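Here are my notes for your review. Please read them with the structure open.

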Amino acid sequence: MLAIEAIKKINLSNLPPLTLLTGDDLGQFELLKEQLLKQIEFNAADLNYALFDMKEADYQQVELDLVSLPFFSDEKIIILDHFIDITTAKKRNLSDDELKSFEAYLEHPVETTKLIIFAEGKLDSKRRIVKLLKRDAEIFEASEPKEQDLKSYFSKVAQAENLQFAPTVFDQLLIKSGFQFSEISKNLSFLKGYKPDGQIELEDVTEAIPKTLQDNIFDLTQLILKQRVDEARSLVSDLRLQGEDEIKLIAIMLGQFRIFTQVKILSENGRAESQIVSDLSDYLGRKVNPYQVKFALKDARSLDLSFLKKTMACLIETDYQIKSGLYEKDYLFDLALLRIATGNL
């Protein structure tokens with residue numbers, strides 16, 4: 001069960017003494033926060049609640065609120081937002097002494113205080129304070145969901161919104177949203193506003209959901225690979241009119257061809273899809289979206305490794321030439337696209 005579903009059981013009457021929201025799926029994490037605050041009827045003007053942004057808060061004031069008794073009710077709720085000190089994030093907002101003081105509070109909490117902690121990111125399990133939280137807290141973790149869990153959850157959301165999808169269109173929505181929790185949620189809202197009743201067709205998804213720059217660069221890459229140069233130049237012209245710079249376009253294209261190359265090399269070395277995700281995550285030092293790997297494998301299958309390497313070299317060379325002021329950047333970028341499309345690398 002996704003955390004966003006599990007948290008629905010929490011309300012003001014059954015709120016645990018210690019609640020922790022965490023996870024590295026930031027889109028789902030933000031929805032978790034919004035959902036929980038709504039369910040506990042949070043009101044910034046209500047003196048029974050206190051919310052501290054731990055990026056800016058004075059810990060002495062936080063501690064004073066934690067141990068002080070409520071004035072207007074039997075209990076009060078303290079919310080610590082952005083508590084990244086308990087995650088693997090390198091940045092720290094609290095000193096070692098302040099963290100030890102907070103640990104001491106967790107060992108002997110005040111019974112009339114209910115504490116909620118929002119800590120976006122991955123918990124640092126090696127820290128003693130995290131072990132205390134895992135022992136005592138009700139934890140809701142916004143972890144990257146599996147494809148089937150995403151489909152199941154958003155199918156329920158769509159049904160609740162009376163959204164009916166034609167065959168395969170719901171899958172296209174997931175693909176267009178990059179299988180990102182927050183993007184799917186946002187795009188469902190777009191569809192609800194665009195077509196509040198009737199069956200949603202593929203053209204509705206295309207029309208209702210705005211294209212991101214990543215979408216446009218993906219389309220550009222596909223046009224170039226299919227040698228549809230005139231269409232590619234037309235798309236580039238539109239992007240320029242939108243204020244997009246050639247340096248930025250090159251950087252995104254280079255990222256796409258880099259992932260094509262990486263999955264191509266790993267797959268040719270016998271690595272399975274799940275192993276490729278793990279290997280790239282270790283190499284890049286961040287969690288790679290498994291769906292990005294899935295579709296990169298599909299696109300890279302028909303591409304020659306030598307072509308991919310030469311394409312990246314061409315883009316890097318063009319980036320250097322633009323930054324060096326060799327010629328006009330629009331000329332250099334158009335030339336690079338033509339070279340890639342014709343294979344003249």
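1. Which residue in β5 stands opposite leucine 21? It is phenylalanine 140. Bear in mind that this is a predicted model. β1 and strand β5 (residues 138–141) pair in the parallel sense, over 4 bridges.

2. β1 has another partner to check. With strand β4 (residues 113–120), β1 pairs in the parallel sense over 6 bridges. Here glycine 23 stands opposite glutamate 120.

3. The search of the whole structure gives 20 salt bridges. One of them joins lysine 156 to glutamate 5, with the closest N and O atoms 3.4 Å apart. Lysine 156 sits in helix α6 (residues 147–160) and glutamate 5 in helix α1 (residues 3–6), so the pair ties together parts 151 residues apart in sequence.

4. Lysine 195 and aspartate 204 meet in a salt bridge at 2.9 Å, N to O. Aspartate 204 is buried, at 8% relative accessible area. Lysine 195 is partly exposed, at 23%.

5. A salt-bridge network links Glu103, Glu107, Arg128, Arg135 and Asp136.

6. Leu326, Tyr327, Tyr331, Leu335 and Leu338 make a nonpolar patch of about 500 Å². Leucine 335 belongs to helix α16 (residues 329–342). Its relative accessibility is 33%, so leucine 335 counts as partly exposed.

Key. Residues are numbered from 1 along each chain as its sequence is written. This is a predicted model: local features need pLDDT of at least 70, side-chain atom pairs count only at pLDDT 80 or more; totals for chains, interfaces and linings use all residues. Side-chain values use heavy atoms; hydrogens and water are left out. Patches are made of residues with over 30% relative accessible area and no salt bridge: like charges are joined within 9 Å, nonpolar side chains (Val, Leu, Ile, Met, Phe, Trp, Tyr) within 5 Å. Accessible areas come from the Shrake-Rupley method with a 1.4 Å probe; for residues, only the protein chains shown count as cover. A salt bridge is a side-chain nitrogen of Lys or Arg within 4 Å of a carboxyl oxygen of Asp or Glu. Helices (H or I, at least four residues) and strands (E, at least two) are DSSP runs, numbered from the N terminus. Buried means under 20% relative accessible area, exposed over 50%, partly exposed in between (1.4 Å probe, protein chains only). Two strands pair if DSSP finds at least two bridges between them.
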